[in-house]
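Thanks, everyone. Please keep the structure in view as I talk.

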Amino acid sequence: MGFDEVHKMDITGDGVDETVGVRRNEDGSVEYHVDVDDDGTADLLAVDKDGDGVIDHVLIDHDGDGKYDTAVVDADGDGELDAVAEK
């Protein structure tokens, strides 16, 4: 699956640029696929479900196995990620 845009930027704040693939979906949602460890596989998936520029949930692969094991969501819709679910 290709991306509409690919950027290099420091998402983690460690001074090293990560690769961010941006996918704009037909339903208006936007996905940000972030490769933190530069292995070619996204470690974070941030989703703006309505394209308003506010991230609604983030999926995180902490152990690098290619499967997301943590979800962080904006449960109350205030623009702040506030609920965490671990798998």
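Start with strand β5, residues 57–60. This is a predicted model, so read everything I say with that in mind. Which residues of β5 sit on the covered face, and which on the uncovered one? V58 and I60 are on the covered face. H57 and L59 are on the uncovered face. In a regular strand, side chains alternate between the two faces of the sheet.

Now the neighbours of β5. On one hand there is β4, residues 44–48. β4 and β5 pair antiparallel, over 4 bridges. Within that pairing, V47 has H57 as its bridge partner. On the other hand there is β6, residues 70–73. β5 and β6 also run antiparallel, joined by 4 bridges. There, V58 stands opposite V72.

β1 covers residues 5–9 and β2 covers residues 18–24. They run antiparallel and are joined by 5 bridges. V6 of this pair has G21 in β2 as its bridge partner. Then β2 pairs with β3, again in the antiparallel sense, over 6 bridges. Here R24 has V30 in β3 as its bridge partner. The hairpin of β2 and β3 has 5 residues between the strands. Look at G28 in that hairpin: its phi is positive, near 95°.

How covered is β2? Mostly: 5 of its 7 residues are buried. E18 lies in β2. Is E18 buried or exposed? E18 counts as buried, because its relative accessibility is 1% and the cut-off for buried is under 20%. E18 also lets us compare sequence with space. E18 and A42 are 24 residues apart in sequence. Their C-alpha atoms are 10.0 Å apart.

On to salt bridges. How many are there? The count comes to 2. Take E5 and R24 to begin with. Their closest N and O atoms are 2.8 Å apart.

As a general point, side chains of opposite charge can pair when their charged atoms come close.

D76, D78, E80 and D82 form a negative surface patch. Where is D76? D76 is in the loop between β6 and β7, with β7 spanning 83–86. D76 is exposed, at a relative accessible area of 52%.

Last stop, the loop between β3, residues 30–35, and β4. D38 is in that loop. D38 is exposed, with a relative accessible area of 58%.

That's the tour. I'm happy to take questions.

Definitions and conventions. Residues are numbered from 1 along each chain as its sequence is written. This is a predicted model: local features need pLDDT of at least 70, side-chain atom pairs count only at pLDDT 80 or more; totals for chains, interfaces and linings use all residues. Side-chain values use heavy atoms; hydrogens and water are left out. Buried means under 20% relative accessible area, exposed over 50%, partly exposed in between (1.4 Å probe, protein chains only). Helices (H or I, at least four residues) and strands (E, at least two) are DSSP runs, numbered from the N terminus. Two strands pair if DSSP finds at least two bridges between them. A salt bridge is a side-chain nitrogen of Lys or Arg within 4 Å of a carboxyl oxygen of Asp or Glu. Patches are made of residues with over 30% relative accessible area and no salt bridge: like charges are joined within 9 Å, nonpolar side chains (Val, Leu, Ile, Met, Phe, Trp, Tyr) within 5 Å. Accessible areas come from the Shrake-Rupley method with a 1.4 Å probe; for residues, only the protein chains shown count as cover. Lys and Arg count as positive and Asp and Glu as negative; His and the chain ends are not counted. The place of a charge is taken as NZ of Lys, CZ of Arg, CG of Asp or CD of Glu.
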